[in-house]
Amino acid sequence: MAEYKFFPISVPVSEEDLTNYITIRLAMLKTNPEAFGSTFTGESKNTRETWRAKIDHEGRCTIISADASTGEWVGSASIATPEFMNKPESPNALIGMWVNPEHRRKGLAKGLIEVGMDWLRKRTDGMPDEKRMLTLEVHRTNESAKALYDLLGFRELEDTEVECPPDRIPMFIVAK
Ligand SMILES: CC(C)(COP(=O)(O)OP(=O)(O)OC[C@H]1O[C@@H](n2cnc3c(N)ncnc32)[C@H](O)[C@@H]1OP(=O)(O)O)[C@@H](O)C(=O)NCCC(=O)NCCS
């Protein structure tokens, strides 16, 4: 059975990690276009510097799961903080969650979220709950992702003020 390692991409990002990130990001947009707000066609046009600016920021944690024997990157998720988004009032957001179909149902998404939650817990230690919140939006029809988030303790955000497209459910958990 395959073994996996989980790690956040280091900032500043190395050239090799940047190339691997571009590859996995385009793979997720191509494989599961229904799950994301961006498109493969749109992001294919990014320059290398645009890609770098997306992940090379201390306010973003880009987590990777890699096949331990081949080194191939097979899963990814990111936490975007208010500092990264340049929106001081916004909560932290889990974005870009994806696992290569050949490696699903092996606990990779769960592992990616655990690493991200650890990072957020340390970053927001001692802060009030609203600063420790991790939010996400999941499409109403995305049964596998909804099952995953339910399992990990995410709850539906009831706040009617929250801006979320009607075809998605806003969810949250507090990282502490
Ligand atoms: C959703 C997704 C990230 C799950 O990745 P994964 O690595 O297969 O998930 P895990 O193996 O960590 O699953 C953990 C638990 O989540 C639930 N779960 C995950 N996929 C499921 C599925 N297809 N059906 C039912 N439950 C599922 C199960 O409870 C599972 O535990 P179990 O396997 O012991 O029953 C993956 O299916 C994916 O990349 N989908 C396409 C992109 C996407 O939808 N991203 C989310 C955007 S919000």
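# Close-up views of a predicted model

View 1. Serine 65 stands opposite glycine 75, which belongs to S3. This model is predicted. S2 and S3 pair in the antiparallel sense, over seven bridges. Together S2 and S3 form a hairpin with five residues between them. Glycine 71 sits in that turn, and its phi is positive, at about 85°. How much of S2 is buried? Six of its eight residues are, so S2 is largely enclosed by the rest of the structure.

**View 2. Strand S1 runs beside S2.** S1 covers residues 4–8 and pairs with S2 in the antiparallel sense over five bridges. Two pairs of facing residues can be picked out here. Lysine 5 stands opposite alanine 66 of S2. Phenylalanine 7 stands opposite isoleucine 64, also in S2. In a regular strand, side chains alternate between the two faces of the sheet.

View 3. In what order do the strands stand? The order is S1-S2-S3-S4-S5-S7-S6, and the pairing is mixed. S1 and strand S6 (155–156) stand at the edges. Each has a single partner strand, so one side of each is left without a neighbour in the sheet. Strands of a sheet pair through backbone hydrogen bonds, either parallel or antiparallel.

**View 4. Strand S5 has a parallel and an antiparallel partner.** S4 and S5 pair in the parallel sense over two bridges. Alanine 93 stands opposite threonine 135 in S5. S5 and S7 pair in the antiparallel sense, over seven bridges. Histidine 139 stands opposite arginine 168 in S7.

**View 5. The largest nonpolar core holds 33 residues.** Leu94, Leu112, Leu134 and Leu136 have the most contacts inside this core. Helices H1 (15–31) and H5 (108–123) each give two or more residues to the core. So do strands S2 (60–67), S3 (73–80), S4 (92–99), S5 (133–139) and S7 (168–174). Which element gives the largest share? H5 does, with six residues. In soluble globular proteins, nonpolar side chains tend to be buried together.

**View 6. Helix H5 carries a row of buried residues, leucine 112 among them.** The buried residues of H5 are Leu108, Ala109, Leu112, Ile113, Gly116, Met117 and Leu120. Leaving aside neighbours within four places in sequence, leucine 112 is in contact with Phe6, Ile63, Ser65, Gly75, Ala77 and Met97. How long should H5 be? At 1.5 Å a residue, its 16 residues should span 22 Å. The end C-alpha atoms of H5 are 23 Å apart, which agrees.

**View 7. Leucine 148 lies in helix H7.** Is leucine 148 buried or partly exposed? Leucine 148 has 17 C-beta neighbours inside 10 Å, so it counts as partly exposed. Leucine 148 and threonine 135 are 13 residues apart along the chain. Their C-alpha atoms are separated by 14 Å.

**View 8. A cis peptide bond joins valine 11 and proline 12.** Omega of this bond is about 5°. Proline 12 lies in the loop between S1 and H1. Most residues other than glycine have a negative phi, and most peptide bonds are trans.

**View 9. Asparagine 86 and arginine 105 have positive phi values.** Phi of asparagine 86 is near 60°. Asparagine 86 lies in the loop between helix H4 (82–85) and S4. Asparagine 86 has 8 C-beta neighbours inside 10 Å, so it counts as exposed. Phi of arginine 105 is also near 60°. Arginine 105 lies in the loop between S4 and H5. With 9 C-beta neighbours inside 10 Å, arginine 105 counts as exposed.

**View 10. Methionine 127 lies in the loop between H5 and helix H6 (129–132).** Methionine 127 is exposed, with 11 other C-beta atoms within 10 Å. Methionine 127 and lysine 176 are 49 residues apart in sequence. In space they are 9.9 Å apart, C-alpha to C-alpha.

Key
Residues are numbered from 1 along each chain as its sequence is written. This is a predicted model: local features need pLDDT of at least 70, side-chain atom pairs count only at pLDDT 80 or more; totals for chains, interfaces and linings use all residues. A nonpolar core is a set of buried Ala, Val, Leu, Ile, Met, Phe, Trp, Tyr and Cys residues joined through C-beta atoms within 7 Å. A residue is buried if 20 or more other C-beta atoms lie within 10 Å of its own, exposed if 12 or fewer, and partly exposed in between; C-beta atoms are placed from the backbone. Helices (H or I, at least four residues) and strands (E, at least two) are DSSP runs, numbered from the N terminus. Two residues are in contact if their C-beta atoms, placed from the backbone, lie within 7 Å. The expected span of a helix is 1.5 Å times one less than its number of residues. Two strands pair if DSSP finds at least two bridges between them.
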